[in-house]
Amino acid sequence: MSRVFHAQVGSALSRSRRPGPPPSSGAVASPSPRAAPAGGARPDGGIVAGYLAPHPPHLVYAENPPRNEPRSRGGWDVLRWGYQELRRRMAGRDRPDVLVVHAPHWITMVGHHVNCVADPRGVSVEPIFPNLFRYHYDFRTDVELAEAILGEADGLGLVTSALRDPGVRVDYATIGALHLVNPAWDIPVVSISANNNPYFYSDASLEEMETLGEATRRAVERTGRRAVLLASNSLSHLHWDTEPDLPEDMSREHPYNQHQYEWDMRLLDAVREGPSSRLRTLIGEHIEQTESETKAGSLTWLLSAMDWPDVAGDVLAYGTVIGTGNAVVEWMPHG
Ligand code: 2XP
Ligand code: FE2
């Protein structure tokens, strides 16, 4: 990834913009230009769970929700069972105040953008699979938390931008993950862009995603939200370039090749064994080996926001979609 568009974290430029030392985790933040007031903070606030929540449009298509126009005969059931289990677990706990999602197909070349539009509404279309995903969305943004994340990220020296265009068309990776996690759309959302271009540059800038994760954690703690975080990423990412007549023909679905599959399993074995800090280097190796979509940084952001918890992740499902690897994984915070 190009560094041309990035201020160095902690650079003289960013330091000169800071009103004071960056707030420490959990402390009351020093004011920043876009810092939100801490009103409404609750004592049980914090990141209450994090999920790897991939967004293949096929999974939404297979469910036939009324909000998606195309109809299907089903398919990709095991992955959808994983999401069903995720929803069951979320429903069994205290309701979160907000779902915070980082997604790879809202690509921003200059800076990390956060959607600050209060009530995005429109149709999200998958540009490669418009035959599968034309989804009518209508949701509420937690604007106070969105602005707090921007304020904290600014304070840590990241280049940021608030998206305030009410006509924004929200990308399918954001909408897909949010639908699969909460098809009722009754929990407010914060949506964060992927500040990279995975198709032009070869090296992923995962270090910066660690900083964005830290900023997200500070903002969640400062505003006192009970937040569930979603990393909207597939794993191995080589895929077929032709589609069967029946897209949900499961007799055609399998890993792209054995190498991709084995590396997905290597990553997931480490996830299941824990602790999550093992993934800090393994994510990069897995990207090198499989073109993993985690190159967009969503998974690194998630685990950094959770401060690399000393726990194993719970793999709720693994399956392929047009040959790519996809896993639904839950991490709970440090005990
Ligand atoms: O990566 C994506 O978002 C795609 N549309 C490819 C489809 C399935 C990926 O896992
Ligand atoms: Fe994707």
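**Helix packing, core and ligand shell**

Residues Q260, W263, D264, L267, A270 and V271 of α7 meet L279, L282, H286, Q289 and T290 of α8. By type, the residues of this contact split into six nonpolar, four polar and one charged. In this predicted model, the axes of α7 (residues 258-273) and α8 (residues 279-290) come within 10 Å and cross at roughly 170°. Since angles over 145 degrees count as roughly antiparallel, that makes α7 roughly antiparallel to α8.

In soluble globular proteins, nonpolar side chains tend to be buried together. Here, the largest nonpolar core takes in 82 residues, and I149, L230 and V328 have the most contacts inside it. Helix α5 (residues 172-181) gives the most to this core, putting in seven residues. As for V328, leaving out residues up to four places away in sequence, its contacts are Y51, L52, A53, L79, G82, Y83, L86, L316 and A317.

C116 sits in the loop between β3 (112-115) and β4 (121-125). It counts as buried because it has 23 C-beta neighbours inside 10 Å, the cut-off being 20 or more. Setting aside neighbours within four places in sequence, C116 touches T141, V143, A146, E147, A162, L163 and R164. With R164, the C-alpha to C-alpha distance is 5.5 Å, although 48 residues separate the pair in sequence.

Finally, there is ligand 1. Around it are P56, P57, E126, I128, A173, S234, H239, E293, V321, I322, T324 and N326.

Definitions and conventions: Residues are numbered from 1 along each chain as its sequence is written. Chains are lettered from A and ligands numbered from 1 in the order in which they are written. This is a predicted model: local features need pLDDT of at least 70, side-chain atom pairs count only at pLDDT 80 or more; totals for chains, interfaces and linings use all residues. A nonpolar core is a set of buried Ala, Val, Leu, Ile, Met, Phe, Trp, Tyr and Cys residues joined through C-beta atoms within 7 Å. A residue is buried if 20 or more other C-beta atoms lie within 10 Å of its own, exposed if 12 or fewer, and partly exposed in between; C-beta atoms are placed from the backbone. Helices (H or I, at least four residues) and strands (E, at least two) are DSSP runs, numbered from the N terminus. Two residues are in contact if their C-beta atoms, placed from the backbone, lie within 7 Å. A residue is near a molecule or strand if its C-beta atom, placed from the backbone, lies within 6 Å of it. Axes are lines fitted to C-alpha atoms, for helices over the stretch in contact, and angles run from 0 to 180 degrees between N-to-C directions. Angles under 35 degrees count as roughly parallel, over 145 as roughly antiparallel, 65 to 115 as roughly perpendicular and the rest as oblique. Ala, Val, Leu, Ile, Met, Phe, Trp, Tyr, Cys and Pro count as nonpolar, Asp, Glu, Lys and Arg as charged, and the others, Gly among them, as polar.
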